[in-house]
Each structure stands twice: as structure tokens, then as C-alpha cells.
Amino acid sequence: MARATIPFGPQHPVLPEPIHLSLVVEDEKVVEALPTIGYVHRGLEMLAAKRDYNQMIQVVERVCGICSMIHSLCYCQGLEEMMGVEVPRRARMLRVVWSELHRLHSHLLWLGLFADSFGFESLFMQLWKIREKVMDLNEATTGNRVIVSVNVVGGVRADLDEAQIRWIKDTLVEVEASIRSLQSTIMNDSTVCKRTVGVGVLTKQAAYDLGAAGPMLRGSGVAQDMRQLKYAGFDEIAFEPIVETSGDCWARSTVRFRESLQSIDLVRQALDRLDGSELAAKVKGKPEGEVITRVEQPRGECLYYLKGNGDKFLQRVRIRTPTFANIPPLAAILPGLDFADVPVVVLSIDPCISCTER
Amino acid sequence: MSIVSENVAAGDLVAAVTRLKADGWRLVTLTSVELDETNMEILYHFDKNLEMKNLRLAATKDGKVPSISGVLFTAFLVENEIRDQFGVIFDGLVLDYQGKLLNETVQTGATSPFCRYQVKKAETKEAQ
């Protein structure tokens with residue numbers, strides 16, 4: 001049997017960002033996969049030595065564009081816990097609104113890219129067309145489409161008026177109808193199922209043991225989502241994690257599809273709970289001590305470890321992003337696959353190399 | 001304020017991690033914290049049903065600590081990253097990139113670029 005090593009990436013049509021996999025194949029079967037990262041590493045954690053704790057908000061927002069709001073949310077809530085700041089209810093609910101809009105546009109982006117990975121171009125275009133409406137909401141309510149920069153330590157810096165709330169709700173009705181119209185295609189179309197059902201299976205036990213995160217974990221039947229920790233406004237919002245059990249590419253795709261609809265519901269719930277409280281609490285003093293804080297990003301659990309010594313510069317900012325956690329499970333499921341399935345399986349983890357290369 | 005953690009000696013680390021795995025704890029990640037010019041500590045974060053447990057291991061720069069990747073394969077990536085960034089060597093890594101996980105360390109030959117004390121020293125030297 002012929003054995004060869006084939007480089008996959010760092011430049012590849014299904015990879016929006018660079019990661020390299022060294023694939024050992026026997027004929028058309030993958031027998032070994034070795035990942036290499038570091039092509040665009042930026043060392044953002046180290047910037048904590050040169051940017052004060054408020055300036056670091058702009059830095060962590062740029063760990064990843066597509067979940068920038070949730071990065072800054074995690075960072076700010078860590079500092080708020082360390083400094084004993086109680087965030088006003090309105091700000092907590094607004095954080096839910098923007099973080100779920102981020103999840104929605106991230107999942108729509110990924111669903112489109114996933115369709116593109118197996119050549120379903122019209123589905124890709126339809127999903128991205130829907131996504132534009134969500135991007136419009138971001139732009140109109142915060143001033144930016146992607147890096148919305150709404151979080152500050154103690155709350156948020158932007159608000160929604162009544163007209164904007166009505167407009168968001170109306171737009172989400174259209175977005176929901178558009179997404180639902182694609183449900184049977186995404187979940188049942190024979191073209192989609194042929195490339196996703198039973199491909200790249202990660203068992204429940206393996207997902208747990210290998211530290212998988214987000215839809216990768218929930219697609220394998222583990223009902224864990226950091227929103228169950230009830231951060232921001234989730235303490236008042238009805239929420240249950242979405243779980244699929246088959247552990248294959250189809251399951252991961254279906255989790256994200258269903259989570260898109262769930263995010264719309266969560267935005268509505270949060271909008272209905274906006275009260276007249278302040279947008280941000282006053283913050284006094286400088287951060288001292290250490291704290292671990294976690295949130296659920298579109299790609300899964302994100303952990304921040306923050307350590308301050310009473311100075312305006314934090315002593316340590318450690319960011320563990322979900323894609324970083326999902327690389328070992330990916331390396332574990334690739335052996336045994338047909339070489340032609342590798343691009344689809346790699347994309348099924350929703351790789352965010354920007355996060356990984358923080 | 002500080003996080004709840006359990007101090008663990010290097011010699012007991014692998015056994016402690018094996019026990020946690022057997023009890024159903026899942027490794028979230030490792031965090032390396034530089035304390036001064038020679039000392040570091042490494043935190044091992046575990047999760048079970050949304051609760052966290054942390055182990056704290058004392059380490060020295062350029063010193064060796066045992067790898068837990070033999071027990072928890074997922075640790076191999078973060079252990080390699082810590083070696084690239086802080087210079088700590090993990091003994092018994094199942095996939096050892098020899099300090100060359102990140103392309104930047106391969107390209108520049110930089111060692112432990114994330115150690116702030118070393119960075120400060122380098123900046124002072126440049127200023128002089």
C-alpha cells in the first residue's frame with residue numbers, strides 16, 4: 001500500500017485562515033495527522049504588559065473579529081468580578097443582545113462556508129445574504145459591522161432606543177423566516193447528507209476526554225454550554241443547550257443551524273427585559289488578584305485567566321479559545337477518513353485561526 | 001481575590017491528573033504565569049458539570065516539569081505552546097515539537113518571547 005505525506009494548508013480553498021496539517025495517507029486513507037500553527041501568531045496576551053486594563057479591551061476585541069463582542073464581554077466580566085463591580089441590568093441584557101447577534105452572524109457565516117466546502121454555492125450565497133441583515137443590525141446599533149466595541153468595564157457604552165428595538169425585532173422575523181426556509185436543505189438534502197452523515201465521527205466519550213468545545217462537543221451528545229453559567233443576562237433568560245448525538249459533520253452543522261434560531265429567541269427575550277437602569281456602573285481602583293471567567297463563543301467555551309497586582313497593567317492575561325481546544329479532537333478524528341473528506345471535516349470544527357493565534 | 005486551587009508537587013502531578021480524569025474531570029487548559037525573573041507557576045484548569053478545579057504547580061524558567069499529555073492527549077498542544085512562549089520544558093510530551101510549534105519561533109529563533117522580565121531586560125538594553 002503506497003504511503004505518502006501530503007501537506008494540507010496553510011493555504012487551502014476551504015481555509016479562510018492558515019493552519020497546516022501534515023497528513024500521512026495510505027492510498028486514499030488518512031492514517032496520521034499532525035497540526036502546525038503559528039503562521040499568524042500575534043502575541044496579544046503579551047500586550048497586557050504595555051496596555052492598561054481599559055486599553056486591553058480594544059486588544060481582546062481583536063483576538064477574533066467574528067466573536068469580538070464575546071471576547072470583550074469575557075474580559076470585562078472577569079475584571080468586574082475582580083474589582084467587585086455590579087453591572088446594571090440593562091447593560092447585562094444589552095450584552096446578551098449583541099453577543100447573540102454575533103453568534104447568529106457567525107453561525108450563518110460558517111453554514112455558508114460549510115456549504116461552499118462541498119460545492120453547494122447557491123446555499124452559501126443564500127446564507128450569506130441572510131447574514132447581511134444581521135450585520136446591518138450591528139452596524140446601525142453600534143457603528144460597526146464586526147468589531148462592535150460596546151463593552152466597557154462596568155457595562156456597555158451603547159444603548160438601544162425604542163425605534164431600534166422595534167426594527168431589530170422586525171428584522172429578526174424576516175431573518176428567522178429566511179433561515180427556516182433553508183432548514184430542509186441544510187438538514188435533509190441528499191447532496192448535503194452524502195458529504196456529512198457518518199463523516200468525521202467524534203464519540204461522546206472522545207469529545208469529553210479530548211476537551212472538545214462548543215458545537216463540536218454538543219454535536220457529540222454532551223449537553224454543556226457556558227451560557228448555563230448564567231453570565232451577563234442569562235440568569236433571567238430561559239436557555240437550554242442544543243445537543244445532537246451522532247457526532248458527525250451533520251450533527252455539528254445541525255447544532256449550529258438550531259443555535260442560529262435559538263439566538264434569535266434569546267435576543268427577543270433580552271430585548272423584552274430591557275429596563276431603565278444605567279448603562280454602566282462606576283469603576284474605582286485598580287485590578288488586584290486573580291480570576292477565571294468563562295463564556296460561550298460561537299465556536300465554544302472561551303476561558304480568560306486574569307491576574308492583577310494593583311497596577312493599571314495586568315500581570316497576566318491568558319486566553320484559551322475554543323478552536324485551540326478543538327485542534328486535538330480534530331487531529332484524533334482525521335485518521336481513518338478518506339482524503340477527499342478532510343476539507344469538510346476540518347471545516348466542521350469551525351476553525352478560527354485568528355482566535356488560535358491570539 | 002484569588003482562585004481556589006490546590007498546590008501540587010511536580011512528582012505528584014501525573015498521579016493527581018490521572019485521579020481527576022478517573023473522577024470525570026475534563027481538562028480545559030493550562031495557564032503559565034511568570035512570577036519573577038526565575039520562577040513561574042503553571043495552573044491546570046479542569047471542569048466537571050460547569051464547576052472548575054485548579055491545580056497549581058511551581059516551576060522555574062528553563063526548568064522541566066512532567067507532561068500530562070500521556071494521560072490527557074489534549075494537553076499536548078498547550079504544553080508545546082508554553083514551551084515556545086515561556087521556555088518551560090515538558091518531560092514526556094507525546095507530541096513534542098521541540099520548541100517549534102509556532103512558526104514565529106521557527107522563523108526568528110526566539111526563545112521564551114512571552115517572558116515579560118526577559119522582554120523588559122531586552123528593552124532596557126536597547127534603550128542603553
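User: What should I know about the model and its numbering?
Analyst: The model is predicted: local features need pLDDT of at least 70, side-chain atom pairs count only at pLDDT 80 or more, and totals for chains, interfaces and linings use all residues. Residues are numbered from 1 along each chain as its sequence is written, and chains are lettered from A and ligands numbered from 1 in the order in which they are written.

User: Why is A:Pro35 called buried?
Analyst: A residue is buried if 20 or more other C-beta atoms lie within 10 Å of its own, exposed if 12 or fewer, and partly exposed in between, with C-beta atoms placed from the backbone. A:Pro35 has 22 such atoms, so A:Pro35 is buried.

User: Where does A:Pro35 lie, and what does A:Pro35 contact?
Analyst: A:Pro35 lies in β3 of chain A, residues 29–36. Strands (E, at least two residues) and helices (H or I, at least four) are DSSP runs, numbered from the N terminus. Contact means C-beta atoms, placed from the backbone, within 7 Å. Beyond its neighbours within four places in sequence, A:Pro35 contacts A:Ile19, A:Leu21, A:Ile327 and A:Ala331. A:Leu21 is 14 residues away in sequence, yet 4.5 Å away in space, C-alpha to C-alpha.

User: What makes the length of α10(A) agree with expectation?
Analyst: The expected span is 1.5 Å times one less than the number of residues. α10(A), residues 249–272, has 24 residues and should span 34 Å; its end C-alpha atoms are 35 Å apart, which agrees. α10(A) is also mostly covered, with 17 of its 24 residues buried.

User: Why are β1 and β2 of chain B said to stand at the edges?
Analyst: Two strands pair if DSSP finds at least two bridges between them. The open sheet has four strands in the order β1-β4-β3-β2, with mixed pairing. β1(B) and β2(B) each have a single partner strand, so one side of each lacks a neighbour in the sheet.

User: How do you know that β1(B) and β4(B) pair?
Analyst: Three bridges join β1(B) to β4(B), in the parallel sense. In that pairing B:Val8 stands opposite B:Leu57 of β4(B).

User: What joins β3(B) to β4(B)?
Analyst: They run antiparallel and are joined by 10 bridges. B:His45 has B:Asn54 of β4(B) as its bridge partner. The two strands form a hairpin with two residues between them, and B:Asn49 in the turn has a positive phi of about 50 degrees.

User: Which residues make up the contact between the chains?
Analyst: Chain B gives 23 residues and chain A gives 26. On the side of chain B that touches chain A, β2(B) supplies the largest share, six residues. That side divides into 14 nonpolar, six polar and three charged residues. Nonpolar covers Ala, Val, Leu, Ile, Met, Phe, Trp, Tyr, Cys and Pro; charged covers Asp, Glu, Lys and Arg; the others, Gly among them, are polar.

Terms used
Contact = placed C-beta atoms within 7 Å.
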